Amino acid sequence: MEQRLHIDHHHGERCEYNKKTINRIRRIKGQLNALERLIEEDCGSCEDRVLRARTIEKGVTSLITHLVDCYVENTVQYEMQSNPEQTVKDLQKILRLINN
């Protein structure tokens with residue numbers, strides 16, 4: 001899928017989304033590192049490990065939702081005005097990625 005971003009006066013909004021995205025990624029990395037340490041040090045029960053893994057999974061799901069929200073708010077609403085057919089196709093591709 002071709003990456004298109006609307007750049008003019010909404011640049012500040014994109015930067016804020018990028019900051020939030022990076023924070024989410026760093027949080028997930030921290031959770032992964034904690035789970036890795038738990039396993040390397042042979043600490044915690046299987047239940048603890050599964051709970052941490054589920055937390056990571058939920059974090060990744062939240063990250064994906066955030067990325068799609070960002071795309072809709074920063075790209076789709078502008079692209080829909082100039083090229084609605086392609087925008088719909090791009091959205092359909094993203095929805096297929098989410099559901100597979």
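## Salt bridges

A salt bridge is a pairing in which a side-chain nitrogen of Lys or Arg lies within 4 Å of a carboxyl oxygen of Asp or Glu. In this predicted model, a search of the whole structure finds 2 salt bridges. Side chains of opposite charge can pair when their charged atoms come close.

One of these bridges joins the side chains of Arg49 and Asp42, with a distance of 3.3 Å from N to O. Asp42 is exposed, with a relative accessible area of 64%, whereas Arg49 counts as partly exposed at 22%. Arg54 forms a salt bridge with Glu57, and here the closest N and O atoms are 2.2 Å apart. Because Arg54 and Glu57 are 3 residues apart in helix α2, they are separated by about one helical turn. Arg54 is partly exposed, at 42% relative accessible area, and Glu57 also counts as partly exposed, at 41%.

## The nonpolar core

The largest nonpolar core has 5 residues, namely Ile28, Leu35, Leu38, Ile56 and Leu63. The elements that give two or more residues to this core are α1 (11–40) and α2 (46–82), and α1 gives the most, with 3 residues. Leaving aside neighbours within four places in sequence, Leu35 is in contact with Arg49, Arg52, Ala53 and Ile56.

Val60, Ile64, Leu95 and Ile98 make a nonpolar surface patch of about 310 Å², to which α2 and α3 (84–99) are the elements that give two or more residues. Ile64 lies in helix α2 and, at 39% relative accessibility, counts as partly exposed, because that class lies between the 20% and 50% cut-offs.

Note on methods
Residues are numbered from 1 along each chain as its sequence is written. This is a predicted model: local features need pLDDT of at least 70, side-chain atom pairs count only at pLDDT 80 or more; totals for chains, interfaces and linings use all residues. Side-chain values use heavy atoms; hydrogens and water are left out. A nonpolar core is a set of buried Ala, Val, Leu, Ile, Met, Phe, Trp, Tyr and Cys residues joined through side-chain atoms within 4.5 Å. Buried means under 20% relative accessible area, exposed over 50%, partly exposed in between (1.4 Å probe, protein chains only). Helices (H or I, at least four residues) and strands (E, at least two) are DSSP runs, numbered from the N terminus. Contact means heavy atoms within 4.5 Å. Patches are made of residues with over 30% relative accessible area and no salt bridge: like charges are joined within 9 Å, nonpolar side chains (Val, Leu, Ile, Met, Phe, Trp, Tyr) within 5 Å. Accessible areas come from the Shrake-Rupley method with a 1.4 Å probe; for residues, only the protein chains shown count as cover.
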